[in-house]
Amino acid sequence: MTTTFIFLPPLSKPTGGLAVLHQLAAHLHKQGFAVSLVPRSTQFWSPPISQDVPVTLLDDVALRKEDIWLVPEGWVNSLAPGLNAGARCMVYVQNWAYLFSSLPSGVTWDRLPVSFLAVSDPVAWFIQESVGVDAPVLRPGIDLDLFHPAPSGEDAPRGSKTTVRVAYMPRKNKAHARAIRDIVTARAARRGGPAIEWDAIDGLPPTQVAEHLRRSDIFLATGYPEGCPLPPLEAMASGALCVGFAGLGGFDYMRQAADHPGAYRPWFPLRDTPWGGNGLFVADADVTAAALALEQAVEHAAGETAFSRTVRDAALATARHYSVDNQRQSVRRIWERLTT
C-alpha cells in the first residue's frame, strides 16, 4: 500500500501554506489513504484538523519506491530523502514565485525526477510555461462555517452612510498598504465622503479574523506574489467587497467587476467560472489604481448600491466553490489516480 509522507517545513509560526498541508493530510487520513506528516523535530505546529494523522519524525522515515514523498516548493533540499529512496517525489507548488527560489546552483527541475501539484490554475499555467510539465490542481478549502456574512441586525451593519470599515492585513506588503491608505486619506480630505475605519488584521487566530471580516464592508488585498490567496477568499465568504492585488494566483477565482480606472484583466488564460465579477482588481503594486478602486468601493458600500450587492453575491458564490468539502473531493480524485 502506498503511503504519502508530507514534509512540514520548519516554520516559526503558522502560515496559510502550512495549514493547507495539514488539510491535505487530514483529508487523506479520513478517506482511508495511508499518510504521515513529517516534521523535522517534535516541536511543530499542529492544528486540530490533523490531530489524528500519524506523525513520523524526519530521521525515522523509511521510504519505499511505491511511496509518495511530498514537499512544498521552496524547500528543494527536503526532496533528498525521497530521491535517495527512489520514492515518487512530488512538489506541491503553493506560490509560483518560490518555484525556483531554493534550487541549488547548477540544478534545474528537468534534472530532478519529480512531479508537480499546483494550488491553482494560474500556478499550473506558470509551471507549464516555465518548466514545461502539466500539474494537477489541488485548490485550498476554506471553512464556510467560520467565514460567513454577519447576520442581519448584527452590530456595525454594512452600508452605513457615515462610516465604512476597510479591513486589510499589513503583513502583506506593508509599505504598499500604507501608501494606499495615505492616498485615500489625502483625497478624502479634499473630496469629503464617508469616513473610513481602517481595520488592520494582524496576528489573530482564525476565529478572530473571521469576526473582523464579518464586521468589514471592504477587504483591501495587498498581497503579491500569491499562489491562491486565502484572505481575500475568506473576506468574500464573509460578505466583504474585495479590492486590490491578485498576485497572479488570485485570478484562480478573482474576476473583474467593472471598468474602473486602473482596472486590470490578466493577459494569461483564465478558466470559465459560474460566477461573475467579484471585486475591483488592479495590477500588482499599482498603489494609485488600488487607492482609486478602494475609493469607488467605499462609495458603493456606503450607499449599499445595486453594484455592491451584485458583487457581494458573486463573491459569496465564489467562496462556496472553495469549501473544505470540495477540497476533500479533489484530494480523493487526485490520490485515486496516484495510487491505482
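This is a predicted model: local features need pLDDT of at least 70, side-chain atom pairs count only at pLDDT 80 or more; totals for chains, interfaces and linings use all residues.
Trainee: What share of the contacts in the protein chain with a separation of 6 or more comes from residues 24 or more positions apart?

Mentor: As background, buried residues make up 50% of the 340 residues in the protein chain, and its C-alpha trace spans about 65 × 40 × 35 Å along the principal axes. Among contacts with a separation of 6 or more, the share that joins residues 24 or more positions apart is 66%.

Trainee: How far apart do the centres of the positive and negative side chains lie?

Mentor: The protein chain exposes about 15100 Å², of which carbon and sulfur atoms supply 52%. It carries 31 positive and 33 negative side chains, and the distance between the centres of the two sets is 1 Å.

Trainee: Which residues does a cis peptide bond join?

Mentor: Most peptide bonds are trans, and most residues other than glycine have a negative phi. The cis bond has an omega of about -5°, and its proline is found in the loop between β8 (218–221) and α6 (230–237). The two residues joined are tyrosine 224 and proline 225.

Trainee: Is leucine 248, with its positive phi, buried or exposed?

Mentor: Leucine 248 has a phi near 75°, a positive value in a residue other than glycine, and it lies in the loop between β9 (241–244) and β10 (279–281). Asparagine 173 also has a positive phi, near 55°, and lies in the loop between β6 (163–168) and α4 (174–191); at 24% relative accessibility it counts as partly exposed. For leucine 248 the relative accessibility is 16%, and because buried means under 20%, the residue counts as buried.

Trainee: Why is strand β4 largely enclosed by the rest of the structure, and which residue in β4 stands opposite isoleucine 68?

Mentor: Of the 6 residues of strand β4 (residues 88–93), 5 are buried, so the strand is largely enclosed by the rest of the structure. Strand β3 (residues 68–72) pairs with β4 in the parallel sense over 5 bridges. Opposite isoleucine 68 in that pairing stands arginine 88.

Trainee: Which residues does alanine 124 touch, not counting those up to four places away in sequence?

Mentor: Alanine 124 has its place in helix α3 (residues 121–130) and is buried, with a relative accessible area of 12%. Alanine 124 and leucine 270 are 146 residues apart in sequence and 11 Å apart in space, C-alpha to C-alpha. The residues that alanine 124 touches, with those up to four places away left out, are Ala118, Ala135 and Val137.

Trainee: What covers the buried residues of α6?

Mentor: Helix α6 is mostly covered, with 8 of its 8 residues buried, including Leu230, Glu234 and Met236. After α6 comes glycine 239, whose phi is positive, near 95°. The cover over the buried residues of α6 includes α1 (16–30), α5 (206–214), β8, β9, β10 and α8 (306–320).

Conventions. Residues are numbered from 1 along each chain as its sequence is written. Side-chain values use heavy atoms; hydrogens and water are left out. Buried means under 20% relative accessible area, exposed over 50%, partly exposed in between (1.4 Å probe, protein chains only). Contact means heavy atoms within 4.5 Å. Accessible areas come from the Shrake-Rupley method with a 1.4 Å probe; for residues, only the protein chains shown count as cover. Lys and Arg count as positive and Asp and Glu as negative; His and the chain ends are not counted. The place of a charge is taken as NZ of Lys, CZ of Arg, CG of Asp or CD of Glu. Helices (H or I, at least four residues) and strands (E, at least two) are DSSP runs, numbered from the N terminus. Two strands pair if DSSP finds at least two bridges between them.
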